[in-house]
Amino acid sequence: MRYCCSFVLLLSLLVHEAQGQIKVDPALPDYVKSNDGVSGTIKSVGSDTMVNLMTLWAEGFRKNYPNVRIEVEGKGSSTAVPALIQGTAQFGPMSRPMKDKEIDEFKKKVGYAPTAVPSSIDLLAVYVHKDCPLNSLSLEQIDAIFSRNRKRGAPKDIVTWGDVGLTGEWANKPISIYGRNAASGTYGFFKEHALANGDFKDTVKEQPGSSAVVQAIATDKYAIGYSGIGYKTADVRAIAISPRSGTKPIEALPEFALDGTYPLARVLYVYINKNPNSPLDTLRREFVKYMLSKQGQEVVIKDGYIPVPQQLADTGLEAAGLKK
């Protein structure tokens, strides 16, 4: 199941009292420890963007159930699908919705569709080195920097910092471009929403993870790249983005994700393999309930992301067969 990003973001306005103050929706339930003898092993395979978040959820969950073993592997969203199909993972975090062809493959192998549980909201940021004087770019300029097709209509390729208006020592410096590999959901989301499904340039230096992109930019003064807002450090800056040339640049701040104006906001999902004719086993049931509880969504804030509102949490619980 897919969820409309703008619909999600408008809903989340309900749970924030003031601009910039991110709080957990008070309507979310507290997590209550189950008496059903929760034990066993959980494995999560999928999004690198969400690896820290899944790890923090695992740590919180194990405080209630210390006998549960949890393994978290983050090699990219595309690895979630085969792991769920093969049964080598119970949870498949993805930083993008499953593609139609992935859903079709899943249905062909197991006989029913995967279950999508919206878990949190992210701002996909475009980062530059902290010493870079650039404050903003339009999506057309971003496209012309990262893509060889320029599907957004930029009149020419952008290869130097002078091409985006920087002067002095920056004017003739080539832009050093960093990104993710094709297994990454962040790669797919950026390709679709920033590059209008254009092809990345061959000069993009592909990194194995979200933190690796940020670390590379932090050590390369003339660099630019993209990664989730939860990976921001003091050594990089997230620039503002104009949805179109000539429009106001929108900063990568939670309030602009929440009002739907930041152009690269996205929902982060956790997928599960659930037979629609059978309830979830106790272990997966309790993990999903914890993830969408007040305590679980406080973890989302701790990791630098935006918590889901109660309406969206209910949608995820209903999809998992945990709420009618």
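This is a predicted model: local features need pLDDT of at least 70, side-chain atom pairs count only at pLDDT 80 or more; totals for chains, interfaces and linings use all residues.
The model contains 16 aromatic pairs. One of these joins Phe 91 and Phe 287, with ring centres 4.9 Å apart; the planes meet at 40°, so the pair is classed as tilted. The two partners come from distant parts of the chain, 196 residues apart. Phe 91 sits in the loop between α3 (80–86) and β3 (92–94), whereas Phe 287 belongs to helix α9 (residues 282–291). Both Phe 91 and Phe 287 are buried. A second pair, formed by Trp 170 and Tyr 222, is edge-to-face, with 4.9 Å from centre to centre and 70° between the planes. Trp 170 is found in the loop between α5 (139–146) and β6 (176–180), and Tyr 222 in the loop between α7 (210–218) and β8 (223–228), so this pair ties together parts that lie 52 residues apart in sequence. Trp 170 has a relative accessibility of 6% and therefore counts as buried. Tyr 222 is buried too, at a relative accessible area of 18%, because the cut-off for this class is under 20%.

Phe 91 and Phe 287 also take part in a cluster linked by ring pairs, together with Tyr 31, Phe 61, Tyr 65 and Tyr 290. Charged side chains meet aromatic rings as well. The charged end of Lys 205 is placed over the ring of Tyr 178, at 5.1 Å from the ring centre. Arg 266 likewise lies over the face of Phe 189, and here the distance to the ring centre is 5.7 Å.

The buried set in α5 comprises Leu 139, Glu 140, Ile 142, Asp 143, Ala 144, Ile 145 and Phe 146. These residues pack against β4, β5 (136–138), β6, β8 and β10 (240–242), and also against helix α6 (185–193).

Attention now turns to open space in the model. The second largest pocket has a volume of about 190 Å³. Its lining consists of 13 residues, and those nearest the centre are Pro 29, Asp 30, Lys 289, Ser 293 and Leu 317. Helix α11 (residues 310–319) supplies the largest share of this lining, namely three residues. Sorted by class, the lining of the second largest pocket holds seven nonpolar, four charged and two polar residues.

With a relative accessibility of 34%, Lys 289 counts as partly exposed. Beyond its neighbours within four places in sequence, Lys 289 is in contact with Tyr 31, Leu 317 and Leu 322. Lys 289 and Ala 320, 31 residues apart in sequence, have their C-alpha atoms 9.6 Å apart in space.

Definitions and conventions: Residues are numbered from 1 along each chain as its sequence is written. Side-chain values use heavy atoms; hydrogens and water are left out. On a 1 Å grid over the protein atoms alone, a cavity is a set of points where a 1.4 Å probe fits but cannot get out, and a pocket is an open set with protein on both sides within 12 Å along at least five of seven lines; lining residues have an atom within 4 Å of a point. Grid points are joined across faces, edges and corners, and a volume is the space filled by probe spheres set on the points. Helices (H or I, at least four residues) and strands (E, at least two) are DSSP runs, numbered from the N terminus. Ala, Val, Leu, Ile, Met, Phe, Trp, Tyr, Cys and Pro count as nonpolar, Asp, Glu, Lys and Arg as charged, and the others, Gly among them, as polar. Rings of Phe, Tyr and Trp (its six-membered ring) pair if their centres lie within 6.5 Å; planes under 30 degrees apart count as stacked, over 60 as edge-to-face and the rest as tilted. Buried means under 20% relative accessible area, exposed over 50%, partly exposed in between (1.4 Å probe, protein chains only). A charge sits over a ring if NZ of Lys or CZ of Arg is within 6 Å of the ring centre and within 35 degrees of the ring normal. Contact means heavy atoms within 4.5 Å.
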